[in-house]
Amino acid sequence: MKRLLSLMLVILLLLPALPASKSAADETTVRVLLSTDASSTVSVTLSGKYAVGDKTVTGGTVTASIENGVITVRHSSAGVLKTTDTVTRLKRVGTDASTILTFQNAKHGKRSYYGDFVFYNDGGTLRVINYVDLHHYLYGVVSGEMSDSSKPDLLKVETICAKGFALCEVETRASKYFDVYDTTNSQLYYGYVATDVNTIAAVDAVWQQTLRYNGSTVKTYYSTADGGQILTPYIHWGGKAQDGAYHFGYDPFDLLGSSKNVVRTIDGKAPKSMDAALYAFLLQKAGSDAKEIVSVDALTGIHDTAHPNGTDRYPNALAPQARYDWTVTVKKTDGSTKKTSFSCTPDEVKAAAASDAAGTVCFAVRTAESEWKLIWGVPSGHRTGLSHRGATQMVKQGYSYVDVLKFYYRGATLYDANGKAIESNKSFVFTYEEGATSSPAPTPGQTEMPTEIDHCGIVTVRSLDLRESPSDGSAVKRTLSLGAIVGIYGASGDWLYVRDEASRQKGYVSAKSVNYYERTPRAQWEGVCNADDSNLRSGPSTNFAKYYAISKGAALYVYYRSGDWYYVMDRATGQGAFLYGKYVTLGADAPTVRDGDANGSDSVTAADAALILRFLVKLSALKDAGLLAADVTHDGTVNAEDAAAILRQAAGLN
């Protein structure tokens with residue numbers, strides 16, 4: 001703790017020398033971590049007028065280098081502009097459109113950028129962050145994610161999605177020195193591409209429009225292709241925040257976009273119209289006395305054979321499915337008819353009638369009263385939210401960007417800059433039992449792991465092997481203990497691809513041995529402990545370490561539920577922990593507070609950080625809403641990380 005306090009004091013002393021943060025009236029600034037491959041020297045070409053501290057230069061080249069923990073910023077003609085062991089900012093002074101920065105991006109080649117460059121000492125590594133207004137940031141993302149030759153409505157869709165994702169990252173990454181990466185870790189960002197005139201026009205047309213759900217900006221996840229079935233965030237990562245904004249279900253538009261997707265259609269009233277090999281397979285499964293299939297009466301896909309009725313998080317409609325249950329009417333060899341039921345696996349059907357299928361998203365969907373489709377879709381990415389492949393097909397068919405957004409984000413509403421809703425008059429019903437597939441779940445079978453962690457997990461067994469690949473036979477990299485925290489990238493069958501937060505090693509662990517919890521939750525309710533000597537624990541079961549016991553009547557902020565347990569903050573101490581659900585009585589909704597305003601002054605300054613530090617060493621109190629406001633990182637615990645986040649904001653790094 002003494003070391004932390006010393007560090008905070010050093011940062012406080014440095015505050016006057018650091019760049020000031022933007023006022024609330026200014027347009028949103030996005031802080032983009034640019035790709036440099038951790039080079040110790042970066043050269044930036046200036047077009048127009050820029051300043052470092054009180055020194056102003058026009059044109060030429062600025063070189064930032066780090067040596068022995070000290071950053072030196074030089075200009076090609078003006079010499080040394082700044083030396084610092086923390087951070088300095090190359091600030092745009094010129095206001096005309098030609099005032100722009102250019103440098104050799106390690107991932108994207110030579111690129112130009114609007115806004116400012118911040119050179120940051122990250123533990124001895126030089127980082128370059130582009131501070132750019134949201135409008136220009138969207139130019140760079142749409143240029144990175146889409147071709148400039150794309151249809152205007154497709155470019156507009158990308159603009160809205162890129163904006164929603166960025167705004168949510170700006171909010172949730174307040175404790176970091178940047179908001180987004182310039183790679184697919186977040187979304188591709190190419191800076192300013194002046195020749196992308198179609199992209200610029202599309203962004204200009206819609207960048208002030210926002211997709212919202214329950215009053216909040218939707219974090220608009222998107223991927224290259226969903227393989228015929230759209231997932232929601234709850235499906236893929238767990239955590240139900242904003243899940244109602246998304247759609248879970250059949251995506252015929254995505255299927256149209258690739259010849260690699262394989263579809264077999266079954267007309268229950270005219271079974272002989274189906275693929276001949278599939279018909280022969282079903283006839284054989286119906287029994288040795290079956291001569292002809294008269295009708296297909298029912299087809300149900302089962303995702304998890306251990307739960308044939310499905311569960312809240314794992315509904316039967318989820319792909320890939322593990323079993324198909326059939327009911328058919330057949331004519332027997334003696335001329336009579338019978339109704340018979342049987343089961344098979346998707347692999348059996350594939351071997352018999354779809355050997356060309358390469359897709360991992362295999363599922364059955366009922367598209368009419370007596371019609372089903374068996375699908376093997378080829379996905380690319382996490383499959384959550386919008387599919388680029390599906391959106392492209394929709395626009396080709398004449399759907400507007402508003403229609404596309406409605407299809408993929410069913411529960412959300414698009415608003416213009418004045419807060420007026422922009423409605424689509426299209427309705428999308430592609431399954432017979434629309435609504436029967438409304439429960440989402442995480443997808444197994446994913447072949448491409450995401451590169452960004454959006455949720456964490458807790459190890460729930462005594463020991464758990466972290467392996468090189470998703471197989472019991474692969475090499476063990478490390479053994480994790482009960483209660484270990486892992487960052488979760490994605491699922492691959494019965495395995496999770498994770499990062500051990502203690503060692504930072506990445507690998508695969510059994511999904512059955514990890515409980516999800518939300519990475520940056522917000523308090524949902526106030527609450528009270530209703531039982532004496534109730535133990536606060538590090539995880540959602542009695543197997544986890546006990547922090548301490550609280551008494552009946554103890555005041556809580558309640559963040560979210562995990563099984564039979566709640567994640568809470570003890571309002572007496574600021575400790576975040578799990579508490580058995582029966583010991584919690586929920587009260588009113590948690591108050592809305594201004595993040596960081598721990599002292600209630602209606603502004604966030606270094607004084608709030610100082611109060612948090614004094615609270616941690618028991619020299620000051622934090623009560624009621626002030627405690628909730630102090631939880632800047634939204635992890636349910638008030639600690640030195642919250643104070644550090646406030647100091648960074650005061651220093652202009654957020």
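This is a predicted model: local features need pLDDT of at least 70, side-chain atom pairs count only at pLDDT 80 or more; totals for chains, interfaces and linings use all residues.
H7 itself spans residues 276-285, and its buried residues are Leu 278, Tyr 279, Phe 281, Leu 282 and Leu 283. At the start of the helix, Asp 275 puts a side-chain oxygen within 3.1 Å of the backbone nitrogen of Ala 277. Just after H7 comes Gly 287, with a positive phi of about 125°.

Turning to nonpolar cores, the largest one holds 73 residues. Phe 117, Phe 119, Tyr 137 and Tyr 409 are the residues with the most contacts inside that core. Helix H3 (residues 152-172) supplies the largest share of this core, with nine residues.

Aromatic rings come next. Searching the whole structure turns up 29 aromatic pairs. One of them joins Phe 103 and Tyr 113 in a tilted arrangement, with 5.8 Å between the ring centres and 45° between the planes. Phe 103 belongs to strand E9 (residues 100-105) and Tyr 113 to strand E10 (residues 109-113), so this pair ties together parts that lie ten residues apart in sequence. Both Phe 103 and Tyr 113 are buried.

Trp 565 and Tyr 580 make up an edge-to-face pair, 5.4 Å centre to centre and with 65° between the planes. Here the link is between distant parts of the chain, as Trp 565 sits in strand E41 (residues 565-570) and Tyr 580 in strand E42 (residues 575-580), 15 residues apart. Trp 565 counts as buried because its relative accessibility is 9%, while Tyr 580, at a relative accessible area of 24%, is partly exposed.

Rings also gather in a cluster: Phe 253, Tyr 399, Phe 407, Tyr 408, Phe 428 and Phe 430 form one aromatic group. Elsewhere, arginines sit over tyrosine rings. Arg 111 lies over the face of Tyr 190, at 4.1 Å from the ring centre, and the charged end of Arg 571 is placed over the ring of Tyr 557, at 4.3 Å from its centre.

As for cysteines, the disulfide count is zero. Cys 161 is in no disulfide, and the nearest cysteine sulfur to it belongs to Cys 168, 12 Å away. A pair would need sulfur atoms within 2.5 Å to count as a disulfide. Cys 161 is buried, with a relative accessible area of 0%, and Cys 168 is buried too, at 9%.

Key: Residues are numbered from 1 along each chain as its sequence is written. Side-chain values use heavy atoms; hydrogens and water are left out. Rings of Phe, Tyr and Trp (its six-membered ring) pair if their centres lie within 6.5 Å; planes under 30 degrees apart count as stacked, over 60 as edge-to-face and the rest as tilted. Helices (H or I, at least four residues) and strands (E, at least two) are DSSP runs, numbered from the N terminus. Buried means under 20% relative accessible area, exposed over 50%, partly exposed in between (1.4 Å probe, protein chains only). A charge sits over a ring if NZ of Lys or CZ of Arg is within 6 Å of the ring centre and within 35 degrees of the ring normal. A polar contact is a pair of N or O atoms within 3.5 Å; within protein, one must be able to donate a hydrogen and the other to accept it, and residues adjacent in sequence count only if both atoms are side-chain atoms. A nonpolar core is a set of buried Ala, Val, Leu, Ile, Met, Phe, Trp, Tyr and Cys residues joined through side-chain atoms within 4.5 Å.
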